[in-house]
Amino acid sequence: MKGLIINVGRQFGSGGKLVALEIGRQLGINVYDNELISKAAEASGFSRDLFMKNDEKRSIFSFSSFFSPQGFGQMGNCIDESALFKIQSNVIKDIAEHESAVIVGRCADYILRDRGMTLDIFISAPLEDRIKRVSERMGLPEDKAEDIIHSNDRKRETYYNYFTFGNWGVASNYDLCVDSSILGIEKTAEYIIDFARRSGKLA
């Protein structure tokens, strides 16, 4: 198996990252989530903190403090979100050129929209399941967990819709939408892999 990219969009707290990791484990391919941030920072010369602060949310920075010691230290003191998006997009395209992989979020489905061997997935789950997962993971009361879920979903939706001119989480944007609460993490990953095989994108 070479050349397949599985792009995983996800609601916050749906277990989408866990599903992506399980897909990667079962197929023996790399999974890129926060790793994309490190690669973008390395490629651009900007610090990892800059990409972390802008990760899947819209904002504009003034950042004399964000430059890493090498690379772009003599540039001006601001950069807009579109430039950061372009840097990260180039990293995603480079990954797709050189390996099969699972890519979590970051509008990868849009960035790789003209590439044939991609499978675009969206992972969701009922709100009550997401509240329970986030509450347990972060050690928060359920009302606080719900606030965090809504806040992060809004950020992801705004970011995705702005850069793709599409609609985050809308079924027509994806090849497959899955509720992870029905089968659980491992079997949801198995279901996606089976779908990839039946679709002819995975031998």
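Modeller: What follows goes through the sheet, then the helices around it.

This is a predicted model, so local features need pLDDT of at least 70 and side-chain atom pairs count only at pLDDT 80 or more, while totals for chains, interfaces and linings use all residues. Residues are numbered from 1 along each chain as its sequence is written, and side-chain values use heavy atoms, with hydrogens and water left out.

The chain has eight helices and seven strands. Both are DSSP runs, numbered from the N terminus: helices are H or I with at least four residues, strands are E with at least two. Of the 203 residues, 46% count as buried (under 20% relative accessible area; exposed is over 50%, partly exposed in between; 1.4 Å probe, protein chains only). Take contacts between residues at least 6 apart in sequence: 66% of them join residues at least 24 apart. Contact means heavy atoms within 4.5 Å.

Now the sheet. Five strands form it, in the order E2-E5-E1-E6-E7. The sheet is open and the pairing is parallel. Two strands pair if DSSP finds at least two bridges between them. Strand E2 (30–32) and strand E7 (176–179) are the edges, and each pairs on one side only. From one strand to the next, the twist averages 20 degrees. Angles run from 0 to 180 degrees between N-to-C directions; axes are lines fitted to C-alpha atoms, for helices over the stretch in contact.

Look at strand E5 (residues 101–104). E5 pairs with E2 in the parallel sense over three bridges. Asn 30 stands opposite Ala 101, and Tyr 32 has Ile 103 as its bridge partner. E5 also runs parallel to E1, joined by four bridges. There, Val 8 stands opposite Val 104. Ala 101 and Ile 103 point one way from E5, Val 102 and Val 104 the other way. All of these E5 residues are buried.

Next, helix H1 (residues 16–27). Its 12 residues should span 16 Å at 1.5 Å a residue, and its end C-alpha atoms are 16 Å apart, which agrees. The expected span is 1.5 Å times one less than the number of residues. The buried residues of H1 are Gly 16, Val 19, Ala 20, Glu 22, Ile 23, Gly 24 and Leu 27. They pack against strand E1 (5–10), E2, E5, E6 and H8. Just after H1, Gly 28 takes a positive phi of about 70 degrees.

Ala 196 lies in H8. Ala 196 counts as buried because its relative accessibility is 0%. Leaving aside neighbours within four places in sequence, Ala 196 is in contact with Leu 119, Lys 201 and Leu 202. Ala 196 and Ile 6 are 190 residues apart in sequence, yet 8.9 Å apart in space, C-alpha to C-alpha.
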